[in-house]
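Please read this note with the structure open beside you.

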Amino acid sequence: MTRIRCVTEMGMGVDVHGRDATKAAKRAVSDAIRHSSLGFFRMIGKTANDMFVDVTIAVPNPEAVDKEAVAKELPYGTVTVTAVKGGLEIPSATEVANDPILIANAAVIVSFDKD
């Protein structure tokens, strides 16, 4: 079957202390979907569980992202999370040792199978 992309949302999440890529990633996904309400799928004869939700997370240390924890941020659909190198790490202030700020970017893409 062919998938039809219906929604693309972007978000940003930050972990100010702790350099936690998963925490920043979850916040980025939440930011991306916070203002979305997808009611259109009823018009095409689909349900929320028919959605395919593909999430790409960009962080400086993609191997540190708990993809299952990030997937739980999405309430419906078949969710796939991919972590890639990107995002941003801001070095610590000179008076504070080893406390950088980690920024994650998220792209959340919703699609449906075309019948």
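**Notes on the model**

1. Start with Lys 46. Not counting residues up to four places away in sequence, Lys 46 touches Phe 41, Phe 112, Asp 113 and Asp 115. Contact here means heavy atoms within 4.5 Å. Lys 46 lies in the loop between α1 and β2. With a relative accessibility of 14%, Lys 46 counts as buried. The cut-offs are these: buried is under 20% relative accessible area, exposed is over 50%, and partly exposed is in between (1.4 Å probe, protein chains only). The side chain of Lys 46 also has a polar atom 3.2 Å from the backbone oxygen of Asp 113.

2. A word on the source. This is a predicted model, in which local features need pLDDT of at least 70 and side-chain atom pairs count only at pLDDT 80 or more, while totals for chains, interfaces and linings use all residues. Residues are numbered from 1 along each chain as its sequence is written, and side-chain values use heavy atoms, with hydrogens and water left out.

3. Now the overall layout. The protein has two helices and five strands. Read from the N terminus, the order of elements is β-α-β-α-β-β-β. Helices (H or I, at least four residues) and strands (E, at least two) are DSSP runs, numbered from the N terminus. Along the principal axes, the C-alpha atoms fill a box of roughly 60 × 25 × 20 Å. The protein has 115 residues, and buried ones make up 36% of them. Take the contacts with a separation of 6 or more: 78% of these are between residues 24 or more positions apart.

4. Next, the aromatic rings. How many aromatic pairs does the structure hold? There are three. One of them joins Phe 40 and Phe 41: the pair is edge-to-face, 6.3 Å centre to centre, with 70° between the planes. Rings of Phe, Tyr and Trp (its six-membered ring) pair if their centres lie within 6.5 Å; planes under 30 degrees apart count as stacked, over 60 as edge-to-face and the rest as tilted. Phe 40 is partly exposed, because its relative accessible area is 23%. Phe 41 has a relative accessible area of 8%, so Phe 41 is buried.

5. Phe 41 has a further partner. Phe 41 and Phe 112 form a tilted pair, 6.2 Å centre to centre and 40° between the planes. Phe 41 lies in the loop between α1 (21-33) and β2 (52-59), and Phe 112 lies in strand β5 (residues 101-114), so this pair ties together parts that are 71 residues apart in sequence. Both Phe 41 and Phe 112 are buried. Ring pairs link Phe 40, Phe 41 and Phe 112 into a cluster.

6. Another ring meets a charge. The charged end of Arg 3 sits over the ring of Phe 52, at 3.5 Å from the ring centre. For this label, NZ of Lys or CZ of Arg must be within 6 Å of the ring centre and within 35 degrees of the ring normal.

7. Compare two alanines. Is Ala 24 buried or exposed? Ala 24 has 0% relative accessibility, so it counts as buried. Ala 24 belongs to helix α1. Leaving aside neighbours within four places in sequence, Ala 24 is in contact with Gly 13, Val 14, Asp 15, Leu 102 and Ala 104. Ala 107 is in strand β5. Ala 107 is partly exposed, because its relative accessible area is 24%. With neighbours within four places again left aside, the contacts of Ala 107 are Glu 9, Asp 54, Val 55 and Thr 56. From Ala 107 to His 17, the C-alpha distance is 23 Å, and they are 90 residues apart in sequence.

8. Check one backbone angle. Arg 19 is not a glycine, yet Arg 19 has a positive phi of about 55°. Where is Arg 19 found? Arg 19 is in the loop between β1 and α1. Its relative accessible area is 37%, so Arg 19 is partly exposed.

Conventions. Polar contact = N/O pair within 3.5 Å; in protein donor to acceptor, adjacent residues only side chain to side chain.
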